[in-house]
Amino acid sequence: MTTVLFVVFGGSALASALLAVTRKNPVASAIWLVGMFFGLAGVYVVLEAYFVAAVQVLVYAGAIMVLFLFVIMLLDLRSKQLDLEASPRMPILGVCAAVLFVVVSGMALMDAHDAGIFPDAAERATLVLDGSPEAIGADLFGRWLLAFEVTSLLLLGGILGAVILTKRRLT
Amino acid sequence: MATTLDSLLALDFPGAALAGLFLATGDLVEYVPVLVMLIFAVLFAGANLGLSFVLGAKGKTNPVKEAAYECGMPPITDAHQRFSVKFYLVAILFVLFDIEVVFLYPWAVHFGEKALQTFLFVEMLIFIGILFLGWWYVIRKGAVNWAQE
């Protein structure tokens, strides 16, 4: 009954996401986002991507969330300030951004479908899903070795950027 | 891994048979204890919130009750203070090195394979070496020196 679990986890992720964007209090939004991350982790488990699920909880629900809370506290937004800065055009812009996102991602998915990336029914029957660390390691240190090494450059860029932005005035 | 109800009944954790009826496909069975724990966690948290909502006294508030509790001291300032960007820097550096560690897991499970050991060791040395440059920069810049400035 993986379908039931998929609906439960996917549904809770979707509900949490909606609550996160509709809350007035930014800290409450951040906490609902944690719920969204957990729902997404559940979806990953249902898709048998166990390692990704574990990393989702550790990195996103754990560490990234702390960053979000820090940003909220850094900005120190009061509800009064939020009211002052909220323009009546904001909801319209939000809807436009959402529609744009759906259209662009839909087009990307259609392109991927036309390019034959998705497996057809016959392929799906023989497909073996394996999201264990072993399987990921075999791919990572085989086919995607270069991508793995380039990832460290990406992380290095993140480290340098964070230090430069926050410590700009130091020599 | 084809799973029958019999093999599920052999699993020994509370609610295994019950959960097994619900979920009987592939390796997912191994995660039934996690699911059981998740259900208990949601029920426990939900029940406590619900109970305090039902049993809690409502409408009886005064300014003292509403104030933040600070170990019995009267609060001096507002809890909503602007935080230093230093906290953010430490947090983001933690996340970046956390992601480095994530890559160590798939690496570690393959490190036992004798034929691959040298290759894996060198590859991880390059990976960590590049990140070491970042660490060196952080230390050189004194980015984690709290008292500086």
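Predicted model: local features only at pLDDT ≥ 70, side-chain atom pairs only at ≥ 80, totals over all residues.
## Basis

Local features need pLDDT of at least 70 and side-chain atom pairs count only at pLDDT 80 or more, while totals for chains, interfaces and linings use all residues. Residues are numbered from 1 along each chain as its sequence is written, and chains are lettered from A and ligands numbered from 1 in the order in which they are written.

## Fold of chain A

Chain A has eight helices and zero strands. Its pattern along the sequence reads α-α-α-α-α-α-α-α. Chain A is more spread out than a compact globule, because its radius of gyration is 20 Å, well over the 16 Å that the globule rule gives for 171 residues. Helices (H or I, at least four residues) and strands (E, at least two) are DSSP runs, numbered from the N terminus. The radius of gyration is taken over C-alpha atoms, and the globule rule is 2.2 Å times the number of residues to the power 0.38.

The C-alpha trace of chain A spans about 60 × 45 × 30 Å along its principal axes.

## Contacts within chain A

Two residues are in contact if their C-beta atoms, placed from the backbone, lie within 7 Å. Among contacts in chain A with a separation of 6 or more, 56% join residues 24 or more positions apart.

## Where chains A and B meet

Chain B gives 44 residues to the contact, and chain A gives 39 residues. On the side of chain B that touches chain A, helix H5 (85-110) and helix H6 (117-140) of chain B each supply at least two residues. H5(B) brings the largest share, 20 residues.
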